[in-house]
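Hi,

Here is the structure I promised to hand over. Have a look at it first, and then read my notes below.

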Amino acid sequence: MAAESSFDIVSKLDRQEVDNALNQTGKELSQRFDFKGTGTTITWQGEDVEIRSSSEERALAALEVFKEKLVKRKLSLKILDAADEPKLSGKEYRLPVALKEGITSEDAKKISKLIRDEGPKGVKAQIQGDELRVSSKKKDDLQAVQNLVKEKDLDLALQFVNYR
């Protein structure tokens, strides 16, 4: 059993699913009674999302609707980085919602240290750009590492890919 098994830990967005959730939210905002006349909209702003409304409460409510749609599409809410309060810009409130993707080098080091300290012996974690390659001679050890990382509930939406 000389061959090593490995998998990658990544943090990627499914842009199509986010776009679908955004479109569904926009449709619901235009049809719901409590949003009538508030001018509440949700749109793409480059790589991120922006919610606009005539009142602070409606902007925050629109964010909740967006979160519901993301959850229904099986997307983690950890991808969202929304401002705490909408900012008043002229006559409307704007709530920027950044979408987080990729593992920062700081987070990669944290995960790597976690695997080294608490993971099974003989498991190696290498940082490769914005992902982490985990390898071991035993597949059971790799599954133990996956469970360990899932249990730690890090502030990232992580996926495990390229399992070989």
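Before the details, a word on accessibility: a residue is called buried under 20% relative accessible area, exposed over 50%, and partly exposed in between, using a 1.4 Å probe on protein chains only. Please keep in mind that this is a predicted model, where local features need pLDDT of at least 70, side-chain atom pairs count only at pLDDT 80 or more, and totals for chains, interfaces and linings use all residues. Residues are numbered from 1 along each chain as its sequence is written, and side-chain values use heavy atoms, with hydrogens and water left out.

Salt bridges

I counted a salt bridge wherever a side-chain nitrogen of Lys or Arg is within 4 Å of a carboxyl oxygen of Asp or Glu. The count comes to 18 salt bridges. One of them joins the side chains of R15 and E47, at 2.9 Å from N to O. This pair ties together distant parts of the chain: R15 is in helix α1 (residues 15-31), while E47 is in the loop between β2 (41-45) and β3 (48-53), 32 residues apart. Helices here are DSSP runs of H or I with at least four residues, strands are runs of E with at least two, and both are numbered from the N terminus. E47 counts as exposed because its relative accessibility is 51%, whereas R15, at 31%, counts as partly exposed.

R32 has two partners to look at. Its side chain meets that of E28 at 3.0 Å, N to O, and that of D34 at 2.8 Å, N to O. R32 is partly exposed, with a relative accessible area of 28%, and D34 is partly exposed too, at 33%. Along with R58 and K69, the residues E28, R32 and D34 are linked in a network of salt bridges.

D141 sits in helix α4 (residues 139-151). Not counting residues up to four places away in sequence, D141 touches P120, K121, V123 and S136; contact means heavy atoms within 4.5 Å.

With neighbours within four places in sequence set aside, L148 is in contact with L114, I115, E118 and G119.

Over in strand β1 (residues 5-10) you'll find S5, which counts as buried because its relative accessibility is 8%. Setting aside neighbours within four places in sequence, the contacts of S5 are V134, S135, S136, K139, L142 and R164.

The largest pocket

The largest pocket has a volume of about 230 Å³. Of the 17 residues lining this pocket, S76, L156, A157, L158 and Q159 are the closest to its centre. (On a 1 Å grid over the protein atoms alone, a pocket is an open set of points where a 1.4 Å probe fits, with protein on both sides within 12 Å along at least five of seven lines; lining residues have an atom within 4 Å of a point.) Both α4 and β9 (159-161) supply at least two residues of the lining.

Methods. Points joined across faces, edges and corners; volume = space filled by probe spheres on them.
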